[in-house]
Amino acid sequence: MMKEIKVIHVGLFDSSIFFKNMKESKPRTVQQYEIEIFFENSGISIINSKKYTLEKGNVIIAKPGQVRNSIFPFKCYYIHLQPDEYLDKYLLHTPDMMKVGRLQILIDIIRTLMSYKNSPFEGCEILTQSKLLELIYHLNNEASMHNRKINSTHFIDHKIILKAIDFIEANFHTELSLETISKHVNLSPVYFHGMFTSAVGKTPHEYVIETRIKKAKDMLLTSEDSVATISQETGFTSQSYFSYVFKKQTGYTPNQFRAKKYVKDLI
């Protein structure tokens, strides 16, 4: 049976009300899936240091572990969802921002979920889950169309991409640079970077970091190796940098992730 999707917050956000005299919010680490639907041209969202201009029809999907802040003012419908494996499957690799074609459908779903919030009617939780599934379906579909538009502007040799991925996963513990990976697949660094990013949806460096963090998670949960040893064996230059990246990606320090009281929620 599919696990229940949990809504943390849902509503309409207006920065002129909540942050009346503030021009820019402070950077923070995202803890949930934060979905924001923009119905007018407004401010700027910054995710992992990348700026996105907010326009009508844009949707932000911020993921757990990302660092984000905003330049005001802006208005949007929003929903925050508790992360789990089901949501990871459909939302983790979606673009951080995309232009959608079914804006009104998404807005109507959020408005319906707002009306269900704290509803006293019996069975309302079933209707809530139904609407959440509908929302995830439309977001995933919009993400697929967004990626097809991007990929259609680049020639992608998928054999080369798979060769690069195999090389990264076999050598993540070494000092992997863009030049090292691109040389392995006989392409220039610039051309390889564009091809890989278009095909995978993340840069080679982001993929290397993701691979290292996945291995570190496994080691933290299945071995008694020290954090210093794990950081070295997963290719990080220092324990402090490893701890910084790990918390940025997961929201937890390595020791917190390893602690038994967190294991149930994180596996």
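Visitor: In which order do the strands of the open five-stranded sheet stand, and what makes two strands a pair?

Guide: The order is β1-β8-β3-β6-β9, with antiparallel pairing. Two strands pair if DSSP finds at least two bridges between them; strands (E, at least two residues) and helices (H or I, at least four) are DSSP runs, numbered from the N terminus. Three bridges join β6 (residues 58–62) to β9, so these strands count as a pair under the criterion of at least two. Within that pair, I60 stands opposite M97 of β9.

The model is a predicted one, in which local features need pLDDT of at least 70 and side-chain atom pairs count only at pLDDT 80 or more, while totals for chains, interfaces and linings use all residues. Residues are numbered from 1 along each chain as its sequence is written, and side-chain values use heavy atoms, with hydrogens and water left out.

Visitor: Why do β1 and β9 stand at the edges?

Guide: In the order β1-β8-β3-β6-β9, β1 (7–14) and β9 (97–99) each have a single partner strand, so one side of each is left without a neighbour in the sheet. On average, neighbouring strands of this sheet are turned by 15° against each other, direction ignored.

Visitor: Which strands does helix α3 touch as it packs on the sheet?

Guide: Helix α3 (residues 103–116) touches β1, β3 (33–37), β6 and β8 (75–81). Touching, or contact, means heavy atoms within 4.5 Å. The direction of α3 makes about 60° with that of β8, where axes are lines fitted to C-alpha atoms, for helices over the stretch in contact, and angles run from 0 to 180 degrees between N-to-C directions.

Visitor: What pairs with β3 in the antiparallel sense over five bridges, and what over four?

Guide: The partner over five bridges is β8, and the partner over four is β6. Y33 stands opposite L81 in β8, whereas I37 stands opposite V59 in β6.

Visitor: How many residues of β3 are buried, and which lie on either side?

Guide: Five of the five residues of β3 are buried. Y33, I35 and I37 are on one side, and E34 and E36 are on the other. Buried means under 20% relative accessible area, exposed over 50%, and partly exposed in between (1.4 Å probe, protein chains only).

Visitor: Why does S70 count as buried, and why does E134 count as partly exposed?

Guide: S70, in strand β7, has 8% relative accessibility and therefore counts as buried, being under the 20% limit. Leaving aside neighbours within four places in sequence, S70 is in contact with K23, E24, S25, I44 and S45. E134, in helix α4, has 28% relative accessibility and therefore counts as partly exposed, between the limits for buried and exposed.

Visitor: What makes a set of residues a nonpolar core, and which members of the largest one touch the most other members?

Guide: A nonpolar core is a set of buried Ala, Val, Leu, Ile, Met, Phe, Trp, Tyr and Cys residues joined through side-chain atoms within 4.5 Å. The largest has 25 residues, of which I35, I37, V59, I79, L81 and L139 touch the most other members. Two or more residues come from each of β3, β6, β8, α2 (85–91), α3 and α4 (124–151), and α3 gives the largest share, six residues. I37 touches N58, V59, C76, Y77, L103, L106, I107 and I110, not counting residues up to four places away in sequence. A second, separate core of 14 residues includes A164, I165, F167 and I168.

Visitor: Why are α8 and α10 described by the term they receive for their relative direction?

Guide: Helix α8 (residues 204–222) and helix α10 (residues 239–250) pack at an angle of about 95°, their axes 11 Å apart. Angles under 35 degrees count as roughly parallel, over 145 as roughly antiparallel, 65 to 115 as roughly perpendicular and the rest as oblique. The two helices are therefore roughly perpendicular to each other. I209, I213, A216, K217 and L220 of α8 make the contact with F242, V245, F246, Q249 and T250 of α10.
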